[in-house]
Amino acid sequence: MVMDDILKEALETMKDINLSKARAANIKVVGVGGAGCNIIEWLYKKKIENVDLIAMNTDAVHLKSMKVDPERVKRILLGPDITKGHGAGGKPEVAEQAARESAKEIKQLLEGADLVWVVAGMGGGTGTGAAPVVAEIAQNVGALVTSFAITPFRFEGRRLQIAWEGIRRLTEFSNTTVILDNNKLFEVARGLNVQQAFALSNELVAQTVSGVVEIVTGAADINRDLADIKAIMEEGHVAAIGIGESSSENRLIEAVTRAIKHPLLDVDVKGAKGALIYITAGPDFKIDELKSLETFVKNNLDSNAYVSWGLKIREDFGEKVRVIAIVTGVKSPYIIGKDFISRKKDEYGIDKIL
């Protein structure tokens with residue numbers, strides 16, 4: 001009996017030691033240039049917690065005009081000696097030099113990051129030229145890097161070629177690059193005003209970030225964590241991340257389908273190399289419903305795919321099921337990986353975008 005007490009005390013002590021060494025996942029979202037900073041402001045208004053928000057620009061006026069709490073959103077003026085705070089003048093090479101000038105400050109803010117999202121508009125100066133430098137620094141500090149590249153409308157002429165070169169550079173330092181194509185808004189946002197249309201892209205970024213944050217920070221009945229996300233994304237490289245909900249009879253599979261089928265992205269998961277599926281449901285969620293995941297995996301993913309899943313039961317969820325899905329090795333002209341650098345536009349389908 002005495003030995004049992006000693007063993008129990010020892011195990012509890014070990015648990016405390018392990019917990020004292022643990023740390024929360026360090027997640028950062030960096031908006032670069034005007035479009036990127038606008039999305040940072042959107043994320044701030046959404047009150048997404050457990051993530052650091054950082055805005056970077058060569059335009060001092062735009063940075064100062066952001067309606068954010070300076071304690072919540074860090075703002076950096078890139079290259080003050082080079083640009084004097086007046087912007088990059090639409091020249092990516094100037095923005096790149098500005099980011100290099102501020103590299104030490106950027107590194108200090110990104111140090112210790114586990115996951116970094118870089119968000120920028122392509123086709124202008126600051127986003128196109130500085131975002132790849134930020135992604136490179138994030139990669140060098142050991143973070144998993146996902147980038148969102150906002151592309152111009154087709155009527156913007158020469159900006160399309162500038163965007164193409166910027167995306168090539170950005171992809172070099174990103175595990176996954178998601179293209180938010182403004183032209184896609186003509187298809188999916190008909191009848192909406194301009195602000196509502198652009199909000200669709202902003203919300204895609206917000207859902208992606210909040211979904212991953214929920215996975216790595218929320219206690220669950222069957223837990224998944226940062227290591228699971230890294231295992232999936234580092235092995236499969238190109239990842240589609242989404243959120244779907246359903247209350248229908250086939251609610252789980254319908255929620256999974258909605259999570260991977262965003263109207264702005266056109267994702268094909270056939271032959272995908274891996275998936276992390278995180279389910280949130282009410283107390284009525286039955287073990288039988290998990291059988292539909294077997295069908296989904298069998299019909300869509302590669303036979304050797306790495307599949308991981310998590311489950312959180314919430315008393316307030318009623319009949320609704322929500323799924324956060326990370327699927328890697330997908331095919332889409334809007335989601336690209338490092339092999340994009342060595343391929344032609346028509347091989348990736350990106351010629352339909354730029």
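Phenylalanine 153 is buried, with a relative accessible area of 13% (buried means under 20%, exposed over 50% and partly exposed in between, with a 1.4 Å probe and protein chains only). The model is predicted: local features need pLDDT of at least 70, side-chain atom pairs count only at pLDDT 80 or more, and totals for chains, interfaces and linings use all residues. Residues are numbered from 1 along each chain as its sequence is written, and side-chain values use heavy atoms, leaving out hydrogens and water.

**Aromatic rings**

- Three aromatic pairs are found in the whole structure (rings of Phe, Tyr and Trp, the last by its six-membered ring, with centres within 6.5 Å; planes under 30 degrees apart are stacked, over 60 edge-to-face and the rest tilted).
- In one of them, phenylalanine 153 and phenylalanine 186 have ring centres 5.3 Å apart and planes at 35 degrees, so the pair is tilted.
- Phenylalanine 153 lies in the loop between strand S5 (144-151) and helix H8 (159-172) and phenylalanine 186 in helix H9 (residues 185-188), so the pair ties together parts 33 residues apart in sequence (helices are DSSP runs of H or I with at least four residues, strands runs of E with at least two, numbered from the N terminus).
- Phenylalanine 186 is partly exposed, at 48% relative accessibility.
- Phe153, Phe155, Phe186 and Phe198 form one aromatic cluster.

**Positive phi**

- Most residues other than glycine have a negative phi.
- Asparagine 50 has a positive phi of about 60 degrees and is placed in the loop between helix H2 (33-46) and strand S2 (52-57).
- Lysine 84 has a positive phi near 60 degrees, and is exposed at 57% relative accessibility.
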